[in-house]
Amino acid sequence: MSSGAAPPYIGAIDQGTTSTRFIIFDREARVVALDQREHRQITPGPGLVEHDGAEILANTRATIAAALAKAGLRAADLAAIGIANQRETTLIWERASGRPLGPALVWQDTRVAPMAARLAEEDGRDRFRAKTGLPLASYFSALKLRWLLDNIKGARAGAETGEVLFGTIDSWLAWNLTGGPAGGLHITDVTNASRTQLMALATCEWDDELLAAFAIPRASLPRIVPSSGMLGAITDPQLRGVPLASLLGDQQAALVGQACFAPGDAKNTYGTGSFLLMNTGEAPVFSRAGLITTLAYRFGDKPPCYALEGSIAVTGALVQWLRDNLGLIASAPEIEAMAASVSDNGGVYIVPAFSGLYAPYWNEAARGIIVGLTRFAGRGHLARAALEAAAYQIRDVALAMARDSGIPLTGLKCDGGMAVNDLLLQFQADILGIPTLRPGLTETTALGAAYAAGLAVGLWREPAEIVTHWRLDRAFQPAMAAERRDALCHDWARAVARARDWVE
């Protein structure tokens with residue numbers, strides 16, 4: 001590399017619900033090196049899901065060191081790094097020590113559902129939707145933060161003075177990597193802020209009315225910044241001096257990684273849950289069909305772009321449940337072969353409402369069910385029903401999105417861990433009646449964080465250049481007869497109806 005040339009690589013932290021990865025990309029958006037570490041899923045009771053913030057931070061540092069070593073690179077070889085993160089997961093910590101105060105409450109955690117119901121008694125679950133784009137639900141960060149402040153000794157008093165800090169995981173990592181107690185940056189980007197239910201979509205700022213309604217002290221909140229920009233410099237030894245140049249919620253990062261920059265562009269990510277996002281441009285579109293309105297991204301000082309989103313709590317997590325709780329499979333990749341051992345689902349449907357149902361139903365009293373069992377049903381039928389459950393839920397969201405946007409989907413870009421599963425993507429195409437498109441690189445969440453960071457430092461000049469890097473691996477074409485599709489979807493709807501309102 002000649003002196004004065006821009007470093008040719010970008011690093012991306014992909015901090016997800018089940019693991020943390022650090023991936024290094026080159027100028028052509030190719031993966032140079034990757035390291036991944038899983039963290040514990042702490043479930044102290046029904047509906048309770050927690051993470052250890054210190055464990056996530058340690059894993060982040062370990063993955064950075066390991067990926068750099070695998071690539072034979074140093075900090076000076078990276079033009080910048082970006083962070084993509086699980087979004088609504090909520091953490092508080094001491095400014096002076098950097099010590100987390102209690103667990104991180106994961107986006108799936110439902111302990112605040114009664115609080116959401118009480119707030120909804122006044123003006124309904126949509127009382128803040130016009131301002132935030134979100135319904136009242138346990139999913140978002142505001143009520144989780146309120147619970148932490150009310151249930152951890154001294155937390156609320158510290159938050160009032162700014163000695164106790166709140167953050168989603170992007171804030172926690174950025175603060176620690178840029179100095180922590182020694183002057184770390186307490187920041188979050190517009191995409192993550194939009195998932196707290198404390199930011200007004202129109203202004204991209206914390207809103208006094210919302211702070212008062214949720215009883216959240218402003219002094220504890222991070223500063224809201226663009227998704228792409230020169231945000232600060234890393235001080236951790238292994239990346240000392242490298243610019244921190246992007247923060248993005250993981251699903252918005254995948255939207256960027258899939259080069260969905262034009263209104264109507266959409267992608268679905270199959271992860272722990274699944275998330276279908278459609279770019280709606282510089283004007284927010286408010287849903288009438290059970291979707292949420294969110295920030296898509298904001299690049300530097302350009303106007304923010306918005307998206308419609310359908311959030312599904314459990315898709316990949318159902319496969320993990322079959323592995324870890326039932327022992328049906330030994331590893332997640334085995335699910336495809338087991339599902340392919342039968343020709344259909346044998347009449348079995350699984351509605352994985354472990355944390356209630358998210359979009360488009362927003363029914364927190366729902367719980368998971370398996371219906372249609374007969375003596376004929378076997379392991380293969382359960383495996384197939386688990387994969388099909390992901391596709392059915394995506395179809396429910398896609399139909400709602402078409403109604404809201406007025407733009408019917410003509411193809412769906414797919415990514416995430418389950419996108420390697422051919423059986424799932426073929427069934428998804430069949431049940432949607434449109435092609436599902438798998439890119440050549442499915443690490444689109446990390447890639448989106450890398451693209452946003454690269455735009456900030458000039459590695460890529462503009463989004464149009466990023467579009468040229470998108471490559472198709474395979475297009476799955478629908479092959480199911482319409483009558484068969486209608487019959488399957490009819491039975492799926494019956495199963496969902498039985499899962500709803502289970503908790504009295």
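I began at Asn85, whose bridge partner in S14 is Gly249. The model is predicted, so I note the limits: local features need pLDDT of at least 70, side-chain atom pairs count only at pLDDT 80 or more, and totals for chains, interfaces and linings use all residues. Residues are numbered from 1 along each chain as its sequence is written, and side-chain values use heavy atoms, without hydrogens and water.

**First sheet**

I looked up the strands around Asn85. Strand S5 (residues 78–85) and strand S14 (residues 243–249) run parallel and are joined by five bridges. Helices (H or I, at least four residues) and strands (E, at least two) are DSSP runs, numbered from the N terminus. Two strands pair if DSSP finds at least two bridges between them.

Which order do the six strands of the open sheet take? I read S3-S2-S1-S5-S14-S13, with mixed pairing. Strand S3 (31–38) and strand S13 (228–233) are the edge strands, each pairing on one side only. The twist averages 25 degrees from one strand to the next. Axes here are lines fitted to C-alpha atoms, for helices over the stretch in contact, and angles run from 0 to 180 degrees between N-to-C directions.

Next I checked the helices. Helix H6 (residues 169–177) lies across strand S1 (9–15), S5 and S14, and runs at about 145 degrees to S5. Helix H9 (residues 250–257) packs on the sheet and touches S5 and S14. The direction of H9 makes about 105 degrees with that of S14. Contact means heavy atoms within 4.5 Å.

Strand S21 (residues 412–415) pairs with strand S22 (residues 436–439) in the parallel sense over two bridges. Lys413 stands opposite Leu437 in S22.

**Aromatic pairs**

How many aromatic pairs does a search of the whole structure find? I got 19. Rings of Phe, Tyr and Trp (its six-membered ring) pair if their centres lie within 6.5 Å; planes under 30 degrees apart are stacked, over 60 edge-to-face, the rest tilted. The ring centres of Phe261 and Tyr297 are 5.9 Å apart and the planes stand at 80 degrees, so this pair is edge-to-face. Phe261 is in the loop between H9 and strand S15 (266–270), and Tyr297 is in strand S17 (residues 292–297), 36 residues apart.

Most residues other than glycine have a negative phi, and most peptide bonds are trans. Cys204, not a glycine, has a positive phi of about 55 degrees. I placed Cys204 in the loop between strand S10 (199–200) and strand S11 (205–206). Ala359 and Pro360 are joined by a cis peptide bond, with omega about -5 degrees. Pro360 is found in the loop between strand S19 (349–351) and strand S20 (369–371).
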